[in-house]
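Please open the model in your viewer and keep the selection panel at hand. The tour below goes from one selection to the next and says what is found at each stop.

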Amino acid sequence: MDSTDRTKVAILGAGRGGCALIDLLHHIPSIEIVGMADHDSAAPGLQHARDLGISVTTDVPDLISNHGVSLILDVTGDPEMETYLHAHKPPAADILGGSASHLLWTLIHHESKLEAELLQAEKLAGIGSFAAGIAHDINNPLQLILGLAENLAEERDLDAVHEQARDIIEAVKRTSAICRDLTRYSRRASPHEDVPVSVNGKLDEALKIARYASSFHDIEMIKQYQPGAAVKGNPDELLHVLVNLITNAVHAMEKRGGTLTLETTVHDGQTNIRISDTGSGIAPDKIPEIFEPFFTTKSPGKGTGLGLYNVKTIVDKMHGAISVDSRIDRGTTFTLRFPNVQPSAQGSTS
Ligand SMILES: Nc1ncnc2c1ncn2[C@@H]1O[C@H](COP(=O)(O)OP(=O)(O)OP(=O)(O)O)[C@@H](O)[C@H]1O
Ligand SMILES: [Mg+2]
């Protein structure tokens, strides 16, 4: 988004109201928070704003007159501030006072709760299609355990007993790893603050999950990962994005097989993630529609058409961009671009 299109917002008051507004507004790409002011330099919201890279000041006149502010949110609760603002605000700026700001907060909060519900609903609908993959992957170790246990019942040689017991333990561990991956994926995205997430690790995790949802039969995999590729965001949500894009790519190659390429690159302060397939491609006139909610070319009952809509919602929230390049019968590449961040000190991530 062009920075001139963004609504420039100043927040006055760094108490609980100011903190809550910052938390909600800084995720919205169409809003730029130009600064937060409070007379009290120790107000809790000021530190919170600094942590999010938002400039803070105790100088209200400077903030409202010198930064092209178009909306002033006054949550100071100070009647004198209201009078001051009406006398001194730049002519083009609007003021929202305490109760109007609170209403704005309630509406945005409500919307982000609905968005989270939609993400979860789409994820759970997708998990329905995992059933066959999970049943297959759990059945294999179970059959092995059954065979080993039948042998054990007859076995007299103690060394052989020990060896088979070890094989059983390995098979049980494999089965529980499958259950652990899926329960982690199906849980609601945890609401923690944005953190640095190592992209290469998340791509591998997404690949494991996507394998349950779709058959990778006749699909060749190419991974080209640049070490250190990291973005800032919610790890559960990034996983959701990658699972959706990989699943779509695999579905597009369902009929004839093909090559799935996962690539990460870091340059010019940007982390790029590229997911390419050599599948059916998307007709040029359909490309503008694929990010719309409920757009699907799958047969009824097969897809929700919410996958790419949710992908776009999350990418926007992470201040990233998504683009698509596709040719009918040749394949499709989805490219995600994010500001690069340093992986966290522990080698990153959640
Ligand atoms: N890699 C791709 N290759 C070809 N077409 C694609 C690709 N990714 C998306 N599409 C097209 O975009 C449509 C919308 O994708 P989206 O992920 O939003 O929903 P869906 O995959 O149809 O349903 P769901 O995600 O619920 O399974 C798909 O139905 C398909 O027509
Ligand atoms: Mg999809």
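This is a predicted model: local features need pLDDT of at least 70, side-chain atom pairs count only at pLDDT 80 or more; totals for chains, interfaces and linings use all residues.

Begin by colouring 3-113 as domain 1, 130-186 as domain 2 and 195-339 as domain 3, bounds that come from an automatic or database domain assignment. The C-alpha centres of domain 1 and domain 3 are 36 Å apart.

Next, select ligand 1 and the 22 residues around it, of which Ala252, Thr296, Gly303, Gly307 and Leu308 come nearest; a residue belongs here if its C-beta atom, placed from the backbone, lies within 6 Å of the ligand. Two or more residues of this shell are given by each of helix H9 (235-252) and helix H10 (307-317), and H9 provides the largest share, four residues. Helices here are DSSP runs of H or I with at least four residues, strands are runs of E with at least two, and both are numbered from the N terminus.

Then move to Asp268, in the loop between strand E9 (258-267) and strand E10 (270-277), where phi is positive, about 50°, although the residue is not a glycine. Asp268 is exposed, with 6 other C-beta atoms within 10 Å; the term exposed applies to 12 or fewer such atoms, placed from the backbone.

Finally, select Phe294 in the loop between E10 and H10, another residue other than glycine with a positive phi, near 70°. Phe294 also counts as exposed, with 10 C-beta neighbours inside 10 Å.

How values were computed: Residues are numbered from 1 along each chain as its sequence is written. Chains are lettered from A and ligands numbered from 1 in the order in which they are written. A residue is buried if 20 or more other C-beta atoms lie within 10 Å of its own, exposed if 12 or fewer, and partly exposed in between; C-beta atoms are placed from the backbone.
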